[in-house]
Amino acid sequence: MKFLLLLLFFVFPLHASTLEEDYIQLKPYEQLIVFPNTATINLLTPYVEKGNAVAAYILAAIYEEGKAVPKDENKAFELYLLSAQKNPLAQMAVANMYVSGRGTQINLEEAIHFYDMVIASNNEKIKEEALINKTKLQQIIKTQNQVNELEKNALLANPIAMMQMAELCLASENTVCGYIWLSLCRQNALFEQSFERIDDAIEELIPMMTMEELTTAEEEILLIQKAFDKLNKNN
């Protein structure tokens, strides 16, 4: 459980001098922090207000897990961000929350920024994890950029891109997206040699969709087709 990370402050030594000073201030209250209650909140709040990064991290974890207080991921993110000024554990937490969108908006570029902070820190226990997470994230961003470029070309009525979008949607089991692009390929008389295969694929998708999804897909098809017709007129 994420809350168990609180124990790190009372088991492993801290090397950053300012962070160690913050830790030393809270060491006498170890029992109260590891088993939090309302008194823990009252204890930590003044330390947080004075810029104690360890107190901010612990209070963030309490809010994230809903220990002794109602769960509040927005508050947790704010506190992690405050602690992240000098705390690698908080930097990791902020990065992960930027990835998942918990307590804040998804921001993959900011996530990479905070993973880089962890990698540059002297916390060997989590540097490798941060590097792995950053590498995975960079690959996701690269893939997203490729998908965005493919979709951009598909929306310009590029036949190859349209079919590739359909195949990509089907590969990711996005039936609505697959239905939209297959239908557009069929309506625009693309890949005539594959009409039968496209029709079969569309027929297979229909039973997998709800009426609401089918309606949404048809509305999207109409909008895209109007854009295609406008492009054809301009050309």
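Buried residues make up 41% of the 235 residues in the chain, where buried means under 20% relative accessible area, exposed over 50%, and partly exposed in between (1.4 Å probe, protein chains only). This is a predicted model, in which local features need pLDDT of at least 70, side-chain atom pairs count only at pLDDT 80 or more, and totals for chains, interfaces and linings use all residues. Residues are numbered from 1 along each chain as its sequence is written, and side-chain values use heavy atoms, with hydrogens and water left out.

**Overall fold**
- The chain has 13 helices and zero strands; helices (H or I, at least four residues) and strands (E, at least two) are DSSP runs, numbered from the N terminus.
- Of the contacts in the chain with a separation of 6 or more, 52% are between residues 24 or more positions apart, a contact being heavy atoms within 4.5 Å.
- The accessible surface of the chain is about 13400 Å², and carbon and sulfur atoms account for 53% of this surface; accessible areas come from the Shrake-Rupley method with a 1.4 Å probe, and for residues only the protein chains shown count as cover.

**Nonpolar cores**
- In soluble globular proteins, nonpolar side chains tend to be buried together.
- The largest nonpolar core has 44 residues; such a core is a set of buried Ala, Val, Leu, Ile, Met, Phe, Trp, Tyr and Cys residues joined through side-chain atoms within 4.5 Å.
- Leu26, Leu44, Leu59 and Tyr80 have the most contacts inside this core.
- Elements giving two or more residues to this core include α2 (17-26), α6 (73-83) and α9 (124-154), while α5 gives the most, with 11 residues.
- Leaving out residues up to four places away in sequence, Leu59 touches Ile41, Leu44, Thr45, Val48 and Leu79.
- A second, separate core of 25 residues includes Met162, Ala166, Leu182 and Leu184.

**Asn52, a buried loop residue**
- Asn52 sits in the loop between α4 (38-49) and α5 (53-65) and is buried, with a relative accessible area of 3%.
- The side chain of Asn52 reaches the backbone nitrogen of Val54 at 3.0 Å.
- Apart from neighbours within four places in sequence, Asn52 is in contact with Asp22, Gln25, Leu26 and Tyr47.

**Cysteines**
- A disulfide (a pair of cysteine sulfur atoms within 2.5 Å) joins Cys169 to Cys177, with an S to S distance of 1.8 Å.
- The relative accessible area is 4% for Cys169, which is buried, and 16% for Cys177, which is also buried.
- Cys185 is buried, with a relative accessible area of 0%.

How values were computed:
Polar contact = N/O pair within 3.5 Å; in protein donor to acceptor, adjacent residues only side chain to side chain.
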